[in-house]
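Visitor: Before we discuss the chain in detail, could you put the sequence and the model on the screen?

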Amino acid sequence: MAATTAVRGVKKKVKKKSGSVILTLTLYTSIVLMMFGMMFSLWFFLTESGSNLRYMMADTLISTQHRHWAVYLIGQEELNKRVDNYWKQFDKFAEIKDQKLVQVNKPVETKVVEKKPLVQIEPIEGKNFKGKLLIVNDAKKLRIAVPGKAGKGEKVSAMVKRLGAVAGVNAGGFVDPEWKGNGFQPTGIVISGGKIFYNDGDMNTANHIVAIDKEGRMIAGKYKPSELLQMGVQEAVTFAPRFIVNGVGQIKSQADGWGVAPRTAMAQKADGTIMFAIIDGRQPGYSIGATLYDIQQIFLEKGAVTAANLDGGSSTVLVHDNQIVNRPSSEYGERYLPTAWLVFDNPTSAPIRNIWEGLDPSKIDASKW
């Protein structure tokens, strides 16, 4: 009986000692984490390298639907200032005169040239991102497509299938109240087949646009709808910025690249070839995303003379042969969108109709599904 009691006493002492060790380890761990947190905060907010990361993170949030979260990184005043500076920068890029380096009307050479396929897809990647490059060898084969029914946007894959397109990429921006929008209401202007489908301003309200004219030349910058019609623009959506002008990149460094995100952008080479960069993002271990500077460098290496940003983030998608080729970032799958750049064998016969005809833009409820 005494022996049993002694053994039990030893067990109790071991338990008390074990509990004391755990308590001590927990205390040490808490102290270490607290010290690490203090050191990280000092580095994050007070050093140049930490501040560079902080502003990169803020820019990433600014280019997403969670812009307001950037307040916790840089404060409301700095957030407002940064957004304002970006738009001033975009307007400045748009003011540079296009020297029309694209030679879409070059005389046909007499020697036999191997015919290129209508579209080609190549993988592209960088330090933190992976994606696809869609090459369209005839810019006149592009059309801006819109949803088939009024009241709700449409997935790019659905537009491609419904309209019989070869390939499709998301296009312009749209009204997205509380980030739950139905994808039906574009921002700015939409032109398809040379006709204005949608315009939320008047004919003299300038918008940042990405477009193709009747000769197959890419137009990007800030223009009034009246100017676009005079210029013979056939297809257009609103988005910004134009970041390669006359073969010169306008974004000078990663710090000015508007954060890291999934992206879609469009460019044209001097021979008229159109390129779309479709960059996956928000997927650690696969692809985090790219800055506009990253995409600018890819396009310049490929010979782009003009390039502009399109809607990105959760909207970024590439469809070819009725299959989604990239890896969209949204866990819910493709977004419902108001516009897409589609490639057709016979674009003039594509049954694209104006679903906004007769609608007052101010009375569209973009949150009602």
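This is a predicted model: local features need pLDDT of at least 70, side-chain atom pairs count only at pLDDT 80 or more; totals for chains, interfaces and linings use all residues.

Guide: Residues are numbered from 1 along each chain as its sequence is written, and side-chain values use heavy atoms, with hydrogens and water left out.

Visitor: How many residues has the largest nonpolar core?

Guide: A nonpolar core is a set of buried Ala, Val, Leu, Ile, Met, Phe, Trp, Tyr and Cys residues joined through side-chain atoms within 4.5 Å, where buried means under 20% relative accessible area, exposed over 50% and partly exposed in between, with a 1.4 Å probe and protein chains only. Leu134, Met266, Ile274, Phe276, Trp341, Leu342 and Trp356 have the most contacts inside the largest core, whose residues number 48.

Visitor: Which residues of helix H7 are buried?

Guide: Helices (H or I, at least four residues) and strands (E, at least two) are DSSP runs, numbered from the N terminus. Helix H7 covers residues 292-301, and its buried residues are Leu292, Asp294, Ile295, Gln296, Ile298 and Phe299.

Visitor: Which peptide bond is cis, with omega near 0 degrees?

Guide: Pro241 is found in the loop between strand S9 (233-238) and strand S10 (242-245). The cis bond runs from Ala240 to Pro241.

Visitor: Is Lys100 buried or exposed?

Guide: Lys100 lies in the loop between helix H4 (76-95) and strand S1 (119-125), and its phi is near 55 degrees, a positive value in a residue other than glycine. Because its relative accessibility is 54%, Lys100 counts as exposed.
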